[in-house]
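Open the structure in your viewer and keep the selection tool at hand. The stops below say what to pick next.

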Amino acid sequence: MKFRTAPLTLFVFLLVPGACVRKPVTAAAKTPAAPAPLPYEARLGKITFTHYCETCHGESGAGDGFNAFNLDPHPRDLSDSQFQKKKSDAELADAIQRGGAGVGLSALMPPWGHTLSARQIDELVLYLRTLPTLRKPAS
């Protein structure tokens, strides 16, 4: 009977103390919190931005889209927090609706007022306001 219980005793003796030890969380295991999800209207604005604006303004709104290098002047960096602070929602919506030439800027930005509804423009402005918070830090 001693030989049957010896492996079991050895097993319990080796595993139980190891199971009770709590391992510290390493810095590599800690992941930064995911950004809060966008509100529904801003998500709709992102869809509009992706379809109509991303080609020139880029995925992050930094003015580095696929077509940006062909344009002079280059598209505005919409993710710049200083620019965002200077412009009201109404000014952004007006620039989207009337285009660059309509607000005294570059005529290369087309007017979207006949393409997008007022609601789509408002959703787009909501999304534009999230761009500085989504901006990736320079590495």
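Buried here means under 20% relative accessible area. This is a predicted model.

**Stop one: helix H2.** Select residues 40-57, which make up H2. Colour Ala42, Gly45, Thr48, Phe49, Cys53 and His57: these are the buried residues of the helix. Now show H5, residues 118-134. The buried residues of H2 pack against H5.

**Stop two: the bend.** Go to His51. H2 bends there by about 55°. Step just past H2 to Gly58, where phi is positive, about 85°.

**Stop three: an aromatic pair.** Which kind of pair do Phe49 and Tyr127 form? Ring centres within 6.5 Å count as a pair, and the count comes to two aromatic pairs. Select Phe49 and Tyr127: their pair is tilted, with 5.4 Å centre to centre and 55° between the planes. Phe49 lies in H2 and Tyr127 in H5, so the pair ties together parts that are 78 residues apart in sequence. Both Phe49 and Tyr127 are buried.

**Stop four: the largest pocket.** The largest pocket has a volume of about 650 Å³. It is lined by 29 residues, and the closest to its centre are His57, Arg76, Gly100, Leu105 and Met109. Finish by colouring H2, helix H4 (89-102) and H5, the elements that give two or more residues to this lining.

Methods:
Residues numbered from 1 in each chain as written. Predicted model: local features only at pLDDT ≥ 70, side-chain atom pairs only at ≥ 80, totals over all residues. Heavy atoms only, no water. Phe/Tyr/Trp six-rings, centres within 6.5 Å; stacked < 30°, edge-to-face > 60°. Helix = DSSP H or I, 4+ residues; strand = E, 2+ residues; numbered from the N terminus. Buried < 20%, exposed > 50% of the residue type's maximum accessible area, 1.4 Å probe, protein only. Bend = angle between axes of the 7 residues up to and from the residue. Contact = heavy atoms within 4.5 Å. 1 Å grid on protein atoms, 1.4 Å probe; cavity = no way out; pocket = protein on both sides within 12 Å on 5 of 7 lines; lining within 4 Å. Points joined across faces, edges and corners; volume = space filled by probe spheres on them.
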